[in-house]
Amino acid sequence: MTFSGAFLTTPLKAMWDALWDADFHVKVDDDVHVNIATLGATSARHRSKPRVYIGCMKSGPVLAQKGVRYHEPEYWKFGEEGNKYFRHATGQLYAISKDLASYISINQHVLHKYANEDVSLGSWFIGLDVDHIDDRRLCCGTTDCEWKAQAGNICVASFDWTCSGICRSVDRMRDVHRRCGEGKNALRTATF
């Protein structure tokens with residue numbers, strides 16, 4: 001099984017597909033700790049499904065107030081003030097199957113983009129026959145990933161919720177990896 005290192009919604013997508021015949025396309029922020037072998041094993045469990053969207057699913061409030069982080073200028077499209085978004089994966093890390101990536105690539109010229117890319121992606125799958133996989137191991141906190149790893153429940157991705165990534169990631173990434181990493185031989189011994 002293969003999966004691409006980035007999720008592209010630009011014309012480069014066709015070239016990317018020609019170079020990488022990937023089963024899954026993964027979008028990950030650069031300040032998120034990822035255990036690659038665990039990500040591969042998680043994706044492999046869903047390989048037989050044609051239209052899969054994997055992530056930490058949420059349905060947060062639509063923020064109408066200007067000047068706040070994650071403000072949605074098109075808040076009025078979601079109904080009355082105070083409404084919530086539809087279910088979508090958090091933006092730090094998510095994976096979509098090859099079929100969904102192809103759908104986006106083919107239809108990108110007519111797909112509406114909201115203020116937040118994770119909301120946009122979720123909106124594109126409403127009305128499609130898509131299997132939404134809510135896997136909480138894709139959004140572990142850096143405070144609890146260590147005890148989860150010690151218990152044998154390795155997190156796919158770890159970050160600080162307050163920063164939507166690892167706070168001061170340049171300084172802290174090695175420490176987070178030491179505490180939350182899947183082990184030195186995990187990638188060598190992984191089978192997808």
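Me: Why is Cys139 counted as buried?
Reply: The relative accessibility of Cys139 is 7%, and buried means under 20% relative accessible area, with exposed over 50% and partly exposed in between (1.4 Å probe, protein chains only), so Cys139 counts as buried. The model is predicted, so local features need pLDDT of at least 70 and side-chain atom pairs count only at pLDDT 80 or more, whereas totals for chains, interfaces and linings use all residues. Residues are numbered from 1 along each chain as its sequence is written, and side-chain values use heavy atoms, leaving out hydrogens and water.

Me: How do you know that Cys56 and Cys139 form a disulfide?
Reply: The sulfur atoms of Cys56 and Cys139 are 2.0 Å apart, and a disulfide is a pair of cysteine sulfur atoms within 2.5 Å, so the two residues form a disulfide. This pair links distant parts of the chain, since Cys56 is in strand β4 (residues 52-58) and Cys139 is in the loop between β6 (131-134) and β7 (140-141), 83 residues apart. Helices (H or I, at least four residues) and strands (E, at least two) are DSSP runs, numbered from the N terminus.

Me: What makes the disulfide of Cys56 and Cys139 left-handed?
Reply: The torsion about the S-S bond of Cys56 and Cys139 is about -95°, and therefore the disulfide is left-handed. For Cys163 and Cys167, in contrast, the torsion about the S-S bond is about 100°, so that disulfide is right-handed.

Me: How do you know that Cys163 and Cys167 form a disulfide, and why is Cys163 called partly exposed?
Reply: The sulfur atoms of Cys163 and Cys167 are 1.8 Å apart, and the two form a disulfide. Cys163 has a relative accessible area of 28% and is therefore partly exposed, while Cys167, with a relative accessible area of 17%, is buried.

Me: Which parts does the pair of Cys145 and Cys180 tie together?
Reply: Cys145 and Cys180 form a disulfide, with their sulfur atoms 1.7 Å apart. Cys145 lies in helix α5 and Cys180 in helix α6 (residues 169-180), so the pair ties together parts that are 35 residues apart in sequence. Cys145 and Cys180 are both buried. A search of the whole structure finds four disulfides, and with bonded cysteines counted along the chain, their pattern is 1-2, 3-5, 4-8, 6-7.

Me: Why does Lys148 count as buried?
Reply: Lys148 has a relative accessibility of 18%, and for that reason it counts as buried. Lys148 is placed in helix α5 (residues 145-150), and leaving aside residues up to four places away in sequence, Lys148 touches Cys140, Asn153, Ile154 and Cys155, where contact means heavy atoms within 4.5 Å.

Me: What makes the pair of Phe78 and Phe86 tilted?
Reply: A search of the whole structure finds seven aromatic pairs. The rings of Phe78 and Phe86 have their centres 5.8 Å apart and their planes at 40°, so this pair is tilted; rings of Phe, Tyr and Trp (its six-membered ring) pair if their centres lie within 6.5 Å, and planes under 30 degrees apart count as stacked, over 60 as edge-to-face and the rest as tilted. Phe159 and Trp161 form an aromatic pair that is edge-to-face, at 4.9 Å centre to centre and 65° between the planes. Phe159, at 0% relative accessibility, counts as buried, whereas Trp161, with a relative accessible area of 44%, is partly exposed.
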